[in-house]
Amino acid sequence: MFKKILIANRGEIALRVIRTCKEMGIKTVAVYSTVDAESLHVRFADEAVCIGPAPSSESYLKIANIIAAAEITNADAIHPGYGFLAENSKFSKICEEHEIKFIGASADMIDRMGDKASARATMEAAGVPCIPGSDGLLADFDEAEKIAKKMGYPVMLKATAGGGGKGMRAVWKKENLKDAWDSARQEAAAAFGNDGMYLEKLIEEPRHIEIQVVGDSRGKACHLSERDCSIQRRHQKLTEETPSPFMTDQLRNDMGEAAIKAAEHIKYEGAGTVEFLVDKHRNFYFMEMNTRIQVEHPITEEVVNYDLIREQILVAAGVPISGKNYFPKLHSIECRINAEDPYNDFRPSPGKITNLHAPGGHGVRIDTHVYSGYMIPPNYDSMIAKLITTAQTRDEAINKMKRALDEFVIEGVKTTIPFHRQLMDHDDYIRGNYTTKFMEDFEMK
């Protein structure tokens, strides 16, 4: 087992990893930028190393600085969390070259699944259902136009190196394809340094449902059932739940088997997520695979009583998985609490938290790195907390979330707490009647 793990991340996920490491008797190293010096992950790690100024390009994305921090502290493993370098194949490879275990996917695995066109081809070879679309990257606009005409509109243009909704354009008719092509390529080039595009049939009224998988070094994989992530804004998830109110036992089994087939086909090692779009007829299609821990992993942990961070560490240390699949015994909902103003188009709201009161009680979990007096920097993602409620039934979990949101007080900055409170009272949400288009018609009151 590892003696010391460096966490190459910040905020709540860094603190989350530190907690499990401490429970396992493993020493921890936090890295931080100058504006994160007062963050809780820095306070609670056994050691902390400043790796640069506020911009992530000069700190949390600076591979040389992170490797140097690992070497001077004698860390024998690095946990990347999510975001930043978690799915960077170069970082995974450099860790291997320095004989530091990367607690995540190998460089080859990240390359195969991180590039969406490559991932699609791999999944087709594995026999996993994929959305009809172009065979690999599009050579030029003329090819995009021909394939779109053959498939029929609507279609979806996607950047092969995309993420977070960047480089994605829904196109409903031929006249809009050229503008979508130009703007998507421009956005993808600016965000990822790669303007490669591919085309898929647009699935109407879709649910975004993902399957949590864990694979070991022996090529064996298991799944931990699904999470419904359909409530999203601009392709960014806002709230998640498990089990999905849209799921049937048969669909759960079929999607779980497909996810295992995907993971075992590529001999996936570690925790990962196979993401699917599910149409209104409950046909499911592979969308992408995330080769890292997900933001929303706590709801899976709550319904199957399973520490996913611990399992990541065990698998990285060579411990085989049991091979058992897990199914939800409870219902869990997560609300992402962002420092944003939901009454003003979710505009970011960095600044100082002047007062904070966190909710508690049975079935309430909060993953956060903030506290009263904490200064939220403007340099990073605006998520400051995850509020999770778990109960015997979905109705009980919703009612528990309402109560917890009412108790959750954050003053000094705007947050998405009012949005989530309103969502929990929305008739369609209460009925489980929502798709990825839900937010298009949602208005704050």
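Both faces of strand β9 are covered: Arg-207, Ile-209, Ile-211, Val-213 and Gly-215 on one side, and His-208, Glu-210, Gln-212 and Val-214 on the other, are all buried (under 20% relative accessible area, with exposed meaning over 50% and partly exposed in between; 1.4 Å probe, protein chains only). The model is a predicted one, in which local features need pLDDT of at least 70 and side-chain atom pairs count only at pLDDT 80 or more, while totals for chains, interfaces and linings use all residues. Residues are numbered from 1 along each chain as its sequence is written, and side-chain values use heavy atoms, with hydrogens and water left out. Because 9 of the 9 residues of β9 (residues 207-215) are buried, this strand is largely enclosed by the rest of the structure. Strands (E, at least two residues) and helices (H or I, at least four) are DSSP runs numbered from the N terminus.

The neighbours of β9 come next. Two strands are taken to pair if DSSP finds at least two bridges between them. With β12 (residues 270-278), β9 pairs in the antiparallel sense over 9 bridges, and His-208 stands opposite Leu-277 of β12. With β10 (residues 221-233), the antiparallel pairing of β9 runs over 6 bridges; here Gly-215 has Ala-221 as its bridge partner. The hairpin of β9 and β10 has 5 residues between the strands, and Gly-219 in this hairpin takes a positive phi near 85°. β10 in turn is joined to the antiparallel β11 (residues 236-242) by 4 bridges, with Arg-233 partnered by Gln-236.

Stepping back to the whole sheet, 8 strands form an open, antiparallel arrangement in the order β13-β12-β9-β10-β11-β14-β21-β19. β13 and β19 (364-368) are the edge strands, each pairing on one side only. The twist averages 25° from one strand to the next (axes are lines fitted to C-alpha atoms, for helices over the stretch in contact, and angles run from 0 to 180 degrees between N-to-C directions). Helix α1 (residues 11-23) lies across β19 and β21 (383-391), running at about 110° to β19.

Leaving aside neighbours within four places in sequence, Arg-292 is in contact with residues including Tyr-82, Tyr-268 and Thr-273, contact meaning heavy atoms within 4.5 Å.
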